[in-house]
Amino acid sequence: MEMLDSEADDQIFSKRLTKTDVGVRLSFPMEALDDFEFPRGKDKVEFSVTDGMGSSWEFGLTRRNGTRHSHPKPVLSSGWRAYVQAKSLKMDDRVILKRIKGKLVSKTRFKVQAQRKVPRTIKLFGKEIHAEAWVDVEELEPEVSASVL
C-alpha cells in the first residue's frame, strides 16, 4: 500500500504589490523572517518555491543590515523580477507565500501564488450582483495582442 504525503499549507504572508515590488524587489514582511533559516554569518538565503502551474522558482531573501542601510527591512531580490515578468504582475496584484508541510518530507517547501482582482457577476436569487474577486493569474486569459496578422 502506497502512503501519500498529506500536505498542509500555512500562509506566511499575503501582500498587495507596490510599484517598487513590481519594478525592483519585493519588500518582505519582517514577521515572515521567522520561517527562514539564514546561514550563520550571512544576510541572504536562497530558497525554492513552486507556483500554481507546478513550475519551480529560485528566490533570494536578503535581510539588510540596519547599520549599513537606512531601511533594514528584508527584500526578495534575486529571482523575483523573473517571476514578476513571467506572470505579468502589476501594481495592486497580490502575492501569497505559503509553507508546505508534508508528513513524509522533512525539508520545508514553499508555494507562491500571484493573484489579480477581477470583476465578477453572480446571480443570487435571480438578481445579478457585481463584485470583485481574487483570481490566480494562471487562470486568467492571456491578453489578446492588438496587432492583427
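This is a predicted model: local features need pLDDT of at least 70, side-chain atom pairs count only at pLDDT 80 or more; totals for chains, interfaces and linings use all residues.
1. Let us start with helix H2, which spans residues 80-87. Its buried residues are Trp 80, Tyr 83, Val 84 and Lys 87. Looking down the axis of H2, these buried residues fall within an arc of 100 degrees, so they line one face of the helix. On the other side of H2 you will find Gln 85 and Ala 86, both exposed.

2. Trp 80 deserves a visit of its own. This residue sits in helix H2, and its relative accessible area is 0%, so it counts as buried. What does Trp 80 touch, once its neighbours within four places in sequence are left aside? The contacts are Leu 17, Asp 21, Arg 25, Leu 26, Phe 59, Leu 89 and Val 95. With Asp 21 there is also a polar approach: a polar atom of the Trp 80 side chain lies 2.6 Å from the backbone oxygen of Asp 21. Val 24 is 56 residues away from Trp 80 in sequence, yet the two C-alpha atoms are 8.6 Å apart in space.

3. Now for the loop between H2 and strand S6 (94-102), where Ser 88 lies. Ser 88 follows H2 and has a positive phi, near 50 degrees, although it is not a glycine.

4. If you enjoy ring geometry, the search of the whole structure finds 10 aromatic pairs. One of them joins Phe 36 and Phe 47, a tilted pair with 4.7 Å centre to centre and 50 degrees between the planes. Phe 36 comes from the loop between strand S2 (26-27) and strand S3 (44-50), while Phe 47 is in strand S3, 11 residues apart. Both of these phenylalanines, Phe 36 and Phe 47, are buried. How are the rings of Phe 36 and Phe 110 arranged? Their centres are 4.9 Å apart and their planes are at 15 degrees, so this pair is stacked. Phe 110 is buried, as is Phe 36.

5. Stepping back, one aromatic cluster is formed by Phe 13, Phe 28, Phe 36, Phe 47, Trp 57, Phe 59, Trp 80, Tyr 83 and Phe 110. The cluster therefore includes Trp 80 and Tyr 83, which are among the residues on the buried face of H2. A further ring to look at is Phe 38: Arg 63 lies over its face, at 3.9 Å from the ring centre.

6. Last, the hairpin of S7 and S8. Strand S7 (residues 109-124) pairs with strand S8 (residues 127-136) in the antiparallel sense, over 10 bridges. Within this pairing, Val 118 has Ala 133 of S8 as its bridge partner. Two residues lie between the strands of the hairpin, and Phe 125 takes a positive phi near 55 degrees.

Notes:
Residues are numbered from 1 along each chain as its sequence is written. Side-chain values use heavy atoms; hydrogens and water are left out. Two strands pair if DSSP finds at least two bridges between them. Helices (H or I, at least four residues) and strands (E, at least two) are DSSP runs, numbered from the N terminus. Buried means under 20% relative accessible area, exposed over 50%, partly exposed in between (1.4 Å probe, protein chains only). The arc is that of the directions from the helix axis to the C-beta atoms. Contact means heavy atoms within 4.5 Å. A polar contact is a pair of N or O atoms within 3.5 Å; within protein, one must be able to donate a hydrogen and the other to accept it, and residues adjacent in sequence count only if both atoms are side-chain atoms. Rings of Phe, Tyr and Trp (its six-membered ring) pair if their centres lie within 6.5 Å; planes under 30 degrees apart count as stacked, over 60 as edge-to-face and the rest as tilted. A charge sits over a ring if NZ of Lys or CZ of Arg is within 6 Å of the ring centre and within 35 degrees of the ring normal.
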